[in-house]
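Here are some exercises to work through with the structure open beside you. Try each task before reading its solution.

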Amino acid sequence: QVQLVESGGGLVQPGGSLRLSCAASGSIFSINAMGWYRQGPGKQRELVATVYSGGSTNFADSVKGRFTISRDNAKNTVFLQMNSLKAEDTAVYYCNVDCIAGTPYRHLVVWGQGTLVTVSS
């Protein structure tokens, strides 16, 4: 099994910054990709950003230039640095990990429990 622990959400004013983190633990053999999705009020869940095992990244157009994603491979942790936050960034942010894990090893896609980010004055 794989467990994800997210942290860093909260209330921030427009233009402010927050940093989310997500640590994966358990019987992990390898991690293919780690990323963040979000679901705003009345909206579908959408991809925010992903970082792949080789270091390449992918971002939603709406966050390009404002958000960065990074990964600590030694700690199986992914970070999402969110700058210049806008009201429309308000959402529950979910960590997502694509990995080979478990006993026996198999391909898993694991979701975190979600952390709320509220951008409001």
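**Exercise 1.** Find which backbone nitrogen lies 2.6 Å from a polar atom of the side chain of E6, then work out what surrounds this residue in the predicted model.

*Solution.* 
- Step 1: Start at strand β1, residues 2-7, where E6 is found.
- Step 2: List the contacts, skipping residues up to four places away in sequence. E6 touches S21, C22, W36, Y93, Y94, C95, G112, Q113, G114 and T115.

**Exercise 2.** Is E6 buried or exposed, and how far away is the nearest side chain of opposite charge?

*Solution.* 
- Step 1: Check the burial: E6 is buried.
- Step 2: Find the nearest side chain of opposite charge, which is R45, 8.1 Å away.
- Step 3: Apply the cut-off. A salt bridge needs the charged atoms within 4 Å, and E6 has no salt bridge.

**Exercise 3.** Which residues of the largest nonpolar core touch the most other members, and which strand gives the most to this core?

*Solution.* 
- Step 1: Take the 33 residues of this core; V2, W36, L80, M82 and Y93 touch the most other members.
- Step 2: Turn to the strands. Strand β9, residues 91-101, gives the most, with six residues.
- Step 3: Leaving aside neighbours within four places in sequence, V2 is in contact with A24, S25, I28, C99, A101, L108 and V110.

**Exercise 4.** How many aromatic pairs does a search of the whole structure find? Classify each one and say what it ties together.

*Solution.* 
- Step 1: The search finds two pairs.
- Step 2: In the pair of F29 and Y105, the ring centres are 5.0 Å apart and the planes meet at 40°, so the pair is tilted.
- Step 3: Because F29 lies in strand β4 and Y105 in the loop between β9 and β10, this pair ties together parts 76 residues apart in sequence. F29 counts as exposed, at 55% relative accessibility.
- Step 4: Y37 and W111 form an edge-to-face pair, 4.9 Å centre to centre with 65° between the planes.
- Step 5: Y37 lies in strand β4 and W111 in strand β10, so the parts tied together are 74 residues apart in sequence. Y37 is partly exposed at 23%, and W111 is partly exposed at 36%.

Conventions:
Residues numbered from 1 in each chain as written. Predicted model: local features only at pLDDT ≥ 70, side-chain atom pairs only at ≥ 80, totals over all residues. Heavy atoms only, no water. Helix = DSSP H or I, 4+ residues; strand = E, 2+ residues; numbered from the N terminus. Buried < 20%, exposed > 50% of the residue type's maximum accessible area, 1.4 Å probe, protein only. Lys, Arg positive; Asp, Glu negative; His and termini not counted. Polar contact = N/O pair within 3.5 Å; in protein donor to acceptor, adjacent residues only side chain to side chain. Contact = heavy atoms within 4.5 Å. Core = buried A, V, L, I, M, F, W, Y, C linked by side-chain atoms within 4.5 Å. Phe/Tyr/Trp six-rings, centres within 6.5 Å; stacked < 30°, edge-to-face > 60°.
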